[in-house]
Amino acid sequence: MKRVLTIQDISCLGKCSVTVALPIISAMGVETVILPTAVLSTHTMFKDFTVKDLTDQLIPITDHWKKENVKFDAIYTGYLGSAEEIEIAKKIFDEFGGDDTLIFIDPVMADNGKLYPAFDESYAKLNAGLCGKADIIVPNITEACFMTDTPYKEEYDEAYVLELLDKLSKLGAKKVVLTGIGLSEGKTGVYGLDTETGNKIIYQNDRIDASFHGTGDIFASVAVGALTRGLDLDTAFKIAADYTADTIRATLDNPAKPWYGVDFETTIPELVDTLREYTK
Ligand code: PXL
């Protein structure tokens, strides 16, 4: 069985980061090892959340794994809590990475033109440095703007997307994939570039007029699971985008939906069926 390491926080309540990555990647038939960067009572969109930082645990935990000679087929980072954790993530890439290990970075820090409460612009620059070590990065437009010093635009055209991709490529990642990109009215999806071949990775879906927390983590987790199971980039991102959209639709159908996340639990069986079709 393939094995993924995911490095991100545990938001105990909130349906994001580890509490979506672990069930989703496991359901996709991939062993999921977690390295928690912090434990929060909830994600940071709640008021008065508590945080216990775990930076001092990261090196002892990974040193133990080294002694056990643990190897990973992929390392997937999401929400990291501090500058120091970004530096430690780089070290972990150096120690556990290599030609057979996919480094997949979702530089979680911002959305809708704004940084999340815990972060500032210097953190965004450090995240840009981390992205330089990746095989694949999946920022949204806001994160791409903060990492490349580009003014954020709510309304944009393809030339703006291409300019962002060009600037992201210069950070050094091999494949740069922007998420939440709609190329025409009523659509959304991904627009990416393989910097080695020049090939574009484009997938568009119907846009659902609703915004939920945690959907980026769900999208990234499915993409990591699919890539680790051996699917190609276009297929992995299609499955991830379709699953995220179906999950948002299922959530909208639930009159008792929580405000803080989506009902990915309802759609996991569908994801498992889809993956089975593609891996037959
Ligand atoms: O979904 C991204 C995320 C992960 N973890 C924490 C967050 C957020 C987004 O706000 O607050 C703690």
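Good morning. I shall begin with Tyr-79, which counts as buried because its relative accessibility is 12%, below the 20% limit for that class. Please keep in mind throughout that this is a predicted model.

Tyr-79 takes part in an aromatic pair. Its partner is Phe-119, and the pair is classed as tilted because the ring centres are 5.2 Å apart and the planes meet at 50°. Where do Tyr-79 and Phe-119 lie? Tyr-79 belongs to the loop between strand 4 and helix 3, while Phe-119 belongs to the loop between strand 7 (114–115) and helix 4 (121–131); the pair therefore ties together parts that are 40 residues apart in sequence. Phe-119, too, is buried, as its relative accessible area is 9%.

A search of the whole structure gives 10 aromatic pairs. One of them joins Phe-72 to Phe-96: this pair is tilted, with 5.5 Å from centre to centre and 50° between the planes. Phe-72 sits in the loop between helix 2 (55–67) and strand 4 (74–77), and Phe-96 sits in helix 3, so this pair ties together parts that are 24 residues apart in sequence. Are these two phenylalanines, Phe-72 and Phe-96, buried or exposed? Both Phe-72 and Phe-96 are buried. Elsewhere, ring pairs link Phe-46, Trp-259 and Tyr-260 into a cluster.

I turn now to the ligand. How many residues surround the ligand? There are 13, and the closest are Asp-9, Ser-11, Thr-44, His-213 and Asp-217. For three of these residues I can give distances between polar atoms. In the side chain of Asp-9, an N or O atom is 2.8 Å from a nitrogen atom of the ligand. In the side chain of Thr-44, an N or O atom is 2.5 Å from an oxygen atom of the ligand. For His-213, a polar side-chain atom is found 3.4 Å from an oxygen atom of the ligand.

My next subject is the second largest pocket. Its volume is about 350 Å³. The pocket is lined by 22 residues, and those closest to its centre are Asp-99, Thr-101, Leu-102, Ile-103 and Asp-135. Which elements each supply at least two residues of this lining? They are helix 3 (83–96), strand 5 (102–105) and helix 7 (215–228).

Let me move to contacts within the protein, beginning with two buried polar residues. Asn-205 is part of strand 11, which covers residues 200–206. Asn-205 counts as buried because its relative accessibility is 13%. With which side chain does the side chain of Asn-205 make a polar contact? The partner is the side chain of Asp-242, at 3.0 Å. The second residue is Thr-55, located in helix 2. Thr-55 counts as buried because its relative accessibility is 8%. The side chain of Thr-55 makes a polar contact of 3.0 Å with the side chain of Glu-85.

Met-28 is buried, as its relative accessible area is 1%. Although Met-28 and Gly-225 are 197 residues apart in sequence, their C-alpha atoms are 6.0 Å apart in space.

Finally, I come to the backbone. Most residues other than glycine have a negative phi. Against that background, Asp-48 has a positive phi of about 60° although it is not a glycine. Asp-48 lies in the loop between strand 2 and strand 3 (51–53). Asp-48 counts as exposed because its relative accessibility is 73%, above the 50% limit for that class. Asn-112 likewise is not a glycine, yet has a positive phi, of about 50°. Where is Asn-112 found? Asn-112 is located in the loop between strand 6 (110–111) and strand 7. Asn-112 is exposed, as its relative accessible area is 56%.

To close, I would recall two points. Tyr-79 and Phe-119 form a tilted aromatic pair, and the residues closest to the ligand include Asp-9, Thr-44 and His-213. Thank you for your attention.

Technical notes
Residues are numbered from 1 along each chain as its sequence is written. This is a predicted model: local features need pLDDT of at least 70, side-chain atom pairs count only at pLDDT 80 or more; totals for chains, interfaces and linings use all residues. Side-chain values use heavy atoms; hydrogens and water are left out. On a 1 Å grid over the protein atoms alone, a cavity is a set of points where a 1.4 Å probe fits but cannot get out, and a pocket is an open set with protein on both sides within 12 Å along at least five of seven lines; lining residues have an atom within 4 Å of a point. Grid points are joined across faces, edges and corners, and a volume is the space filled by probe spheres set on the points. Helices (H or I, at least four residues) and strands (E, at least two) are DSSP runs, numbered from the N terminus. Rings of Phe, Tyr and Trp (its six-membered ring) pair if their centres lie within 6.5 Å; planes under 30 degrees apart count as stacked, over 60 as edge-to-face and the rest as tilted. Buried means under 20% relative accessible area, exposed over 50%, partly exposed in between (1.4 Å probe, protein chains only). A residue is near a molecule or strand if one of its heavy atoms lies within 4 Å of it. A polar contact is a pair of N or O atoms within 3.5 Å; within protein, one must be able to donate a hydrogen and the other to accept it, and residues adjacent in sequence count only if both atoms are side-chain atoms.
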